[in-house]
Amino acid sequence: MKTIRLGRTGLEVSRLCLGCMSYGAPDQGTHPWSLDEAASRPFFRKALDLGINFFDTANVYSAGTSEEYVGRALAAYARRDDVVIATKVHGRMRPGPHGAGLSRKAILAEIDHSLRRLGVDHVDLYQVHRWDDQVPIEETLEALNDVVRAGKARYIGASSMYAWQFAKALAVSQAHGWARFVSMQNHLNLLYREEEREMLPLCRDQGIGVIPWSPLARGRLTRPWDETSARLETDAFGRTLYTAAVDADRQVIDAVAAVAAARGVPRAQVALAWVLQTPGVSAPIIGATRPGHLDDAVAALDLVLSAEERAALEAPYVPHPVSGHR
């Protein structure tokens, strides 16, 4: 497995990150397609065998059970110092005040809850899952700095937001001498490329590692346009992401199919190879609920798209409304 330094840090991560949103109690939270603990275990084992050392989850995934599964699986199959564990804070974990968001009170409580569920004394990357309009960014960043200084997180990162918000956060951290965001987990794939306008250039300029979520557009890029899946039918958030440019999106999916057929490889490999070869991308976050998903992801690392193939894949794209920030 190829590795890369995350941004300008010394943190060495595999070029693929296993996203763990699909692992958690199916009857908890909003992901009924999730795999229970017994079904999810083989994916952790296989990912480690393939050389993946980077695992991403969040406190809100399946009401915290995803973190529990991640912690127990990695404790069983790997040495703590050999893996990079990332989790996130922001989503609602309980009713009432301070049950969600990025206030100092919420962050300092949620990091302890995440560490307890993961069964570790620190996470390697602690990320804000979204921007919080209700809390001054200074309060959020100072709390995150205290989490780092307390040894509960090695680095901090961010997820989908506007580039101006991310630039502001970086400037505030620098002005106060606080721990700085080292990574951006944003929405990027062949069906959604709006991040190319502002966020990706900002990250390249500032030395920020980029770890895109949904690089296969929640599976849409891996199958014919009219084919559905159990997840697609029950993924309320996912249904909000790809509804604005149906005709163009269909053409993108057809272009992926054409390149894949010419190469004699699955569509997933082509779509993921495009993300991997986008300048500035460190490690796409891949989901895996079938054994072949991991095999395709690893194979994509060696699939080098030509300039002509990239042009064919990109040509049908049209501007999309910003999505995924909420």
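## Exercises on a predicted model

The protein chain exposes about 13,400 Å², and carbon and sulfur atoms supply 52% of it. The model is predicted.

**Exercise 1.** Decide whether the radius of gyration of the protein chain agrees with a compact globule.

Solution. Start with the length: the chain has 326 residues. A compact globule with 326 residues would have a radius of gyration near 20 Å. The protein chain has 19 Å, which agrees. Next, take the box along the principal axes: the C-alpha atoms fill roughly 55 × 45 × 35 Å. Then turn to burial: 56% of the 326 residues count as buried. Last, take contacts between residues at least 6 apart in sequence: 79% join residues at least 24 apart.

**Exercise 2.** Classify the aromatic pair of Tyr23 and Phe44, and find which parts the pair ties together.

Solution. The count of aromatic pairs comes to five. For Tyr23 and Phe44, the centres lie 5.1 Å apart and the planes make 55°. Stacked needs under 30 degrees and edge-to-face over 60, so this pair is tilted. Now place the rings. Tyr23 lies in the loop between strand E3 (17–19) and helix H1 (37–49), and Phe44 lies in helix H1, so the pair ties together parts 21 residues apart in sequence. Check burial: Tyr23 has 0% relative accessibility and counts as buried. Phe44 is buried too, also at 0%.

**Exercise 3.** Classify the aromatic pair of Phe166 and Phe181.

Solution. The centres are 5.9 Å apart and the planes 25° apart. An angle under 30 degrees counts as stacked, so this pair is stacked. Phe166 sits in helix H5 and Phe181 in strand E8, 15 residues apart. Both Phe166 and Phe181 are buried.

Terms used
Residues are numbered from 1 along each chain as its sequence is written. This is a predicted model: local features need pLDDT of at least 70, side-chain atom pairs count only at pLDDT 80 or more; totals for chains, interfaces and linings use all residues. Side-chain values use heavy atoms; hydrogens and water are left out. The radius of gyration is taken over C-alpha atoms; the globule rule is 2.2 Å times the number of residues to the power 0.38. Buried means under 20% relative accessible area, exposed over 50%, partly exposed in between (1.4 Å probe, protein chains only). Contact means heavy atoms within 4.5 Å. Accessible areas come from the Shrake-Rupley method with a 1.4 Å probe; for residues, only the protein chains shown count as cover. Rings of Phe, Tyr and Trp (its six-membered ring) pair if their centres lie within 6.5 Å; planes under 30 degrees apart count as stacked, over 60 as edge-to-face and the rest as tilted. Helices (H or I, at least four residues) and strands (E, at least two) are DSSP runs, numbered from the N terminus.
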